[in-house]
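Me: Got a model open here and want to talk through a few parts of it. Can you start with some helix packing?

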Amino acid sequence: MGLTRDTLKDHTSEAHRRLDETEPVKGLAGGTLSETSYAKLLGIYHDFFSHFENKMREDHRDIVDELGDFRFSKTGWLREDLSTLGRDAGVDAGSTFQIPDSLAGVAGCLYVVEGSTLGGLHLSKSGKGFPGGAGRFYEAYGDDTITAWKSFIEWLETRVTQPEERISACEAAVRTFDWFEERFRHHPQG
Ligand code: HEM
């Protein structure tokens with residue numbers, strides 16, 4: 001698809017593999033995750049996205065406009081799923097995840113965020129369903145997922161073109177994966 005995406009994929013494939021081995025991801029993929037554990041997992045995503053989407057709108061409005069507002073609506077889907085599960089998402093307390101200042105760094109975070117919709121598509125099509133029927137977040141862009149991924153990669157390849165920018169993007173992508181892995185690893189079961 002392009003050098004920047006290929007470099008990001010190379011640098012993060014190990015991090016994705018580690019994420020796949022965490023209990024909540026194994027449980028979700030295998031259809032064995034309890035509703036309680038699933039709600040805790042969605043809560044982790046909610047912490048990330050409520051902070052990420054707010055900050056993107058405040059500090060990187062140009063990027064939101066270029067990529068389209070529809071990509072920055074995942075907090076609402078998470079609140080919907082948590083409400084389906086009878087949980088209150090609470091206030092958008094946010095997370096301590098540091099969003100990079102540079103465009104290349106933000107692009108690296110977005111590579112992870114947008115790439116995760118491919119996993120969601122895979123899960124939605126597996127036919128296993130979602131605990132408590134709360135699948136709005138993972139369904140994400142639905143039938144438009146592949147089109148949305150391709151247009152994100154086109155944006156990525158035109159906006160991140162220099163070797164040093166690729167390095168910043170990879171660092172931010174690995175840091176984003178690590179943020180999730182750390183929390184998924186300590187995700188309480190039950
Ligand atoms: C929850 C269970 C998950 C499953 C089963 C899963 C599975 C997958 C699969 C099958 C693909 C490749 C899709 C394709 O090539 O058509 C993919 C791509 C990707 N996933 Fe996941 N994923 C999951 C969660 C996540 C999470 C939580 C993140 C990040 C926070 C993530 C980040 C990515 C990225 C960045 C790619 C794109 C790699 C590339 O092709 O450049 N995934 N995932």
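Reply: Helix 6 and helix 8, the latter spanning residues 145-159, pack with their axes 10 Å apart and at an angle of about 165 degrees. Keep in mind that this is a predicted model.

Me: Roughly parallel or roughly antiparallel, helix 6 to helix 8?

Reply: Roughly antiparallel, because the angle is over 145 degrees. The crossing of the two helices is left-handed.

Me: Which residues make the contact?

Reply: From helix 6, Leu-103, Ala-107, Tyr-111, Glu-114, Thr-117, Leu-118 and Leu-121. Helix 8 contributes Thr-145, Ala-148, Trp-149, Phe-152, Leu-156 and Arg-159.

Me: And by class?

Reply: The contact of helix 6 with helix 8 has 9 nonpolar, 2 polar and 2 charged residues.

Me: OK, the ligand now. Which residues come nearest?

Reply: Lys-9, Gly-115, Ser-116, Leu-118 and Gly-119, out of 16 residues around the ligand.

Me: Which helices supply the shell?

Reply: Helix 1 (3-20), helix 2 (23-30) and helix 6 (103-125) each give at least two residues. Helix 6 has the largest share, with 8 residues.

Me: What does Gly-132 touch?

Reply: Leaving out residues up to four places away in sequence, Gly-132 touches Glu-35, Tyr-38, Thr-84 and Leu-85.

Key. Residues are numbered from 1 along each chain as its sequence is written. This is a predicted model: local features need pLDDT of at least 70, side-chain atom pairs count only at pLDDT 80 or more; totals for chains, interfaces and linings use all residues. A residue is near a molecule or strand if its C-beta atom, placed from the backbone, lies within 6 Å of it. Helices (H or I, at least four residues) and strands (E, at least two) are DSSP runs, numbered from the N terminus. Axes are lines fitted to C-alpha atoms, for helices over the stretch in contact, and angles run from 0 to 180 degrees between N-to-C directions. Angles under 35 degrees count as roughly parallel, over 145 as roughly antiparallel, 65 to 115 as roughly perpendicular and the rest as oblique. A crossing is left-handed if the near helix is turned anticlockwise from the far one by less than a right angle, and right-handed if clockwise. Two residues are in contact if their C-beta atoms, placed from the backbone, lie within 7 Å. Ala, Val, Leu, Ile, Met, Phe, Trp, Tyr, Cys and Pro count as nonpolar, Asp, Glu, Lys and Arg as charged, and the others, Gly among them, as polar.
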